[in-house]
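Walk through this fold step by step. Begin with a helix pair, then turn to the sheet.

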Amino acid sequence: MTTMTMTTGPAAAVLPETPFIVGTAHRGTFHAIPRDYALRALAPGGGDSCGALCGTWAQVATRIGTGAFDRAHLPAWMRLCPACTWTIALQAGSAAIAAELEALTPAVEDLAALEQLVPDPLITRRVCEAILATAGDLTDGSGRQDVVELLAHAAAHAPVLLRDEDCVDTSIDCGHPGPNCPAAPACPACSVRAGDWAQDREGFYRDACTIAAPCQVIGAMAAFYGVEVTA
Ligand SMILES: [Zn+2]
Ligand SMILES: [Zn+2]
Ligand SMILES: [Zn+2]
């Protein structure tokens with residue numbers, strides 16, 4: 001796999017041969033841009049930006065990985081737009097849907113911490129499973145936007161674990177013994193995350209509005225779908 005960089009050559013030369021290209025937008029979220037849109041955006045006078053799959057205006061980002069928007073090959077730290085990923089997954093079928101559900105399952109190290117902090121760390125995954133179970137035929141080729149909007153809404157409110165910067169940076173000894181770094185579960189969608197004005201701190205959670213997870217959105221959807229919270 002080669003890393004492609006922007007050149008002055010034809011736009012096609014810098015884009016990987018994948019249906020979707022990584023797009024960047026505000027708040028450090030990455031979107032899927034259909035390849036033909038990206039080609040037009042990179043053409044002379046195109047301005048480098050276009051609409052992503054979810055409708056968000058995004059900048060074509062060929063410098064991230066290979067430039068391909070593909071969950072399996074993008075680093076786990078990247079926050080992918082749930083509307084884009086679920087749209088792709090419902091079009092792609094069961095393996096891609098399983099990968100989206102897997103992405104809603106906290107990593108082992110986070111799971112242990114979340115179990116101490118929230119009633120059910122898997123609540124968002126289970127809400128999405130319930131949405132899928134009641135959605136009926138997902139293979140009718142329509143892309144099922146009615147289902148995507150529910151899945152994307154739930155996924156956007158999936159709890160994340162906030163830690164101190166020193167605890168995340170493995171080159172620093174944060175001083176907390178063993179796995180006992182303080183952490184707080186927060187909702188990324190309900191909280192205010194810093195925009196691009198914050199430069200290298202873009203996406204950071206603002207003290208003025210950091211909402212604890214699971215938030216009311218997940219609670220409401222869990223109640224609607226009859227998802228029991230299991231401790
Ligand atoms: Zn998107
Ligand atoms: Zn620590
Ligand atoms: Zn929320």
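Axes are lines fitted to C-alpha atoms, for helices over the stretch in contact, and angles run from 0 to 180 degrees between N-to-C directions. Helices (H or I, at least four residues) and strands (E, at least two) are DSSP runs, numbered from the N terminus. This is a predicted model: local features need pLDDT of at least 70, side-chain atom pairs count only at pLDDT 80 or more, and totals for chains, interfaces and linings use all residues. Residues are numbered from 1 along each chain as its sequence is written, while chains are lettered from A and ligands numbered from 1 in the order in which they are written.

Helix α3 (residues 82-92) packs on helix α7 (residues 145-156) at about 135°, and their axes lie 8 Å apart. That makes α3 oblique to α7 (angles under 35 degrees count as roughly parallel, over 145 as roughly antiparallel, 65 to 115 as roughly perpendicular and the rest as oblique). Pro82, Ala83, Trp86, Thr87 and Leu90 of α3 meet Val147, Val148, Leu151, Ala152, Ala155 and Ala156 of α7. Contact here means that C-beta atoms, placed from the backbone, lie within 7 Å.

Now the sheet. Five strands form an open sheet in the order β3-β4-β1-β2-β5, with mixed pairing. Two strands pair if DSSP finds at least two bridges between them. β3 (49-51) and β5 (79-80) are the edge strands, each with a single partner, so one side of each has no neighbour in the sheet. β1 (residues 20-24) and β2 (residues 29-34) pair in the antiparallel sense over five bridges. Gly23 stands opposite His31 in β2.

α3 lies across β1, β2 and β5, at about 45° to β2.

Conventions: Contact = placed C-beta atoms within 7 Å.
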